2 protein chains.
Amino acid sequence: MTDVDVKQKVLAANAAAAASLREDFGRAATLVVNLISSPGSGKTTLLEKTALALKDTLRLGGLEGDIATERDADRLRRTGIPARQILTGGSCHLDARQVARALAEEGTRLANLDVLLIENVGNLICPTGYDLGEDFKIVLLSVAEGDDKPFKYPAIFAKAAVTVVTKIDLLPYVPFDLAAVREQVASLAPEGRILELSATTGAGMQAWLSLLTDALARKRAAVCAAEGVS
Amino acid sequence: MTDVDVKQKVLAANAAAAASLREDFGRAATLVVNLISSPGSGKTTLLEKTALALKDTLRLGGLEGDIATERDADRLRRTGIPARQILTGGSCHLDARQVARALAEEGTRLANLDVLLIENVGNLICPTGYDLGEDFKIVLLSVAEGDDKPFKYPAIFAKAAVTVVTKIDLLPYVPFDLAAVREQVASLAPEGRILELSATTGAGMQAWLSLLTDALARKRAAVCAAEGVS
């Protein structure tokens with residue numbers, strides 16, 4: 001087998017596991033989002049604030065992908081939602097079988113959720129090709145990272161349904177052309193949405209929370225409609 | 001062949017190519033550094049400022065690894081040094097054969113340099129295992145990324161001879177515990193050095209430039225001593 005064959009075999013196995021997860025998530029009407037970004041773009045902080053804002057009205061849970069440390073799952077659990085750390089054993093992305101195994105091992109703690117928040121390994125490249133059964137991918141870009149990133153990492157910005165520009169409270173202190181980022185994202189993902197927020201100050205958070213609750217409402221409606229038909 | 005076999009074959013081929021590069025760099029007494037970090041930690045900006053500071057006294061050249069765009073090589077060339085973009089075709093790291101091919105194709109433009117600056121693909125994971133024939137690896141961490149990153153990406157912080165904490169001009173605006181980072185780095189790389197700088201304000205730049213010129217002097221002395229012996 002060549003390395004291309006091996007890669008294709010791995011991706012096919014992942015696709016099968018992802019399809020099975022997607023069926024389960026559909027039956028439970030669980031909205032699943034897959035957050036992808038560089039290390040330090042603010043994925044965990046955004047999820048902490050999301051959990052605090054929504055946990056009293058929705059059943060939330062988190063899966064945290066990392067190379068090492070339980071730190072991010074600990075942070076989510078401290079907000080009061082169930083969360084599990086997945087250590088990838090050196091791999092630069094989560095895969096669907098890791099997600100399935102983690103959910104199975106957590107049992108009822110991560111079952112029948114309204115929203116499952118998956119934080120991928122910090123990396124703009126490797127997670128792009130691995131479907132985790134999610135409803136959509138979300139890519140985060142902190143303003144401190146610079147405004148050239150969508151065109152430098154085009155695959156993930158093209159694939160993500162939502163681009164979230166984070167840490168906008170730092171805009172006065174860094175060179176970052178928001179209009180340039182909007183243009184790059186529009187060209188890579190014409191159907192994609194772009195949000196700008198600061199999880200620290202709360203600016204833009206309402207639009208983000210609405211995006212999640214609206215997507216959940218649409219998913220529930222679609223599940224009901226399908227049940228009505230069948 | 002299993003995927004583990006394929007990975008081992010790839011790494012063995014890379015090691016052979018890296019050894020050959022290291023011999024060439026030794027003969028030419030070229031100091032070679034391999035810069036690794038998340039996207040947006042400031043690698044290119046640091047190299048631009050390094051080029052501007054040293055290009056009148058030393059022959060510098062750059063190799064820029066990216067998934068897409070010629071942007072970073074363009075930025076280096078604008079400082080007046082020769083630079084070549086290596087587009088990795090989707091791969092999340094440079095490998096030694098790409099470096100060898102790029103140097104061969106550039107011919108005299110990137111030959112007989114005093115310092116070759118290699119900027120790897122933006123990523124704290126994949127570049128760690130690929131030797132490029134460099135004298136040492138340098139990992140960058142921007143203060144905007146947060147102070148938990150060394151323990152979350154331990155392999156690269158353990159392997160890098162130098163950790164450069166960048167964007168310290170943003171310290172007043174972000175939560176970042178420098179002492180915590182120093183402790184993590186000291187535990188992962190007891191022999192490693194840690195520098196803190198802002199390429200924007202120039203703070204800490206002198207120590208960085210001295211680190212490079214001292215390393216170059218040591219390499220030249222070692223090459224002379226070896227020639228004297230043989």
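**View 1. Disulfides of the predicted model.** In this predicted model, 2 disulfides are counted over all chains. One of the disulfides links A:Cys92 with A:Cys126, and B:Cys92 and B:Cys126 form another.

**View 2. The disulfide of A:Cys92 and A:Cys126.** From S to S, the distance in this pair is 2.3 Å. The link of A:Cys92 and A:Cys126 is left-handed, with -100° about the S-S bond. In chain A, A:Cys92 belongs to the loop between strand S3 (83-87) and helix H4 (96-106), while A:Cys126 belongs to the loop between strand S4 (115-119) and strand S5 (136-142); the pair therefore ties together parts that are 34 residues apart in sequence. A:Cys92 and A:Cys126 are both buried.

**View 3. The disulfide of B:Cys92 and B:Cys126.** Here the sulfur atoms are 2.2 Å apart. The link is left-handed, at -100° about the S-S bond. Because B:Cys92 lies in the loop between strand S3 (83-87) and helix H4 (96-106) of chain B, and B:Cys126 in the loop between strand S4 (115-119) and strand S5 (136-142) of chain B, the pair ties together parts that are 34 residues apart in sequence. Both B:Cys92 and B:Cys126 are buried.

**View 4. Chain A and chain B.** Chain A is superposed on chain B by a rotation of 180° with 0.0 Å of shift along its axis, at an RMSD of 0.0 Å. The two copies are therefore related as by a two-fold rotation axis. Both copies use the same surface, since 100% of the contact residues of chain A recur in chain B.

Technical notes
Residues are numbered from 1 along each chain as its sequence is written. Chains are lettered from A and ligands numbered from 1 in the order in which they are written. This is a predicted model: local features need pLDDT of at least 70, side-chain atom pairs count only at pLDDT 80 or more; totals for chains, interfaces and linings use all residues. Side-chain values use heavy atoms; hydrogens and water are left out. Copies are superposed by least squares on the C-alpha atoms of residues with pLDDT of at least 70 in both. Contact means heavy atoms within 4.5 Å. A disulfide is a pair of cysteine sulfur atoms within 2.5 Å. Helices (H or I, at least four residues) and strands (E, at least two) are DSSP runs, numbered from the N terminus. Buried means under 20% relative accessible area, exposed over 50%, partly exposed in between (1.4 Å probe, protein chains only).
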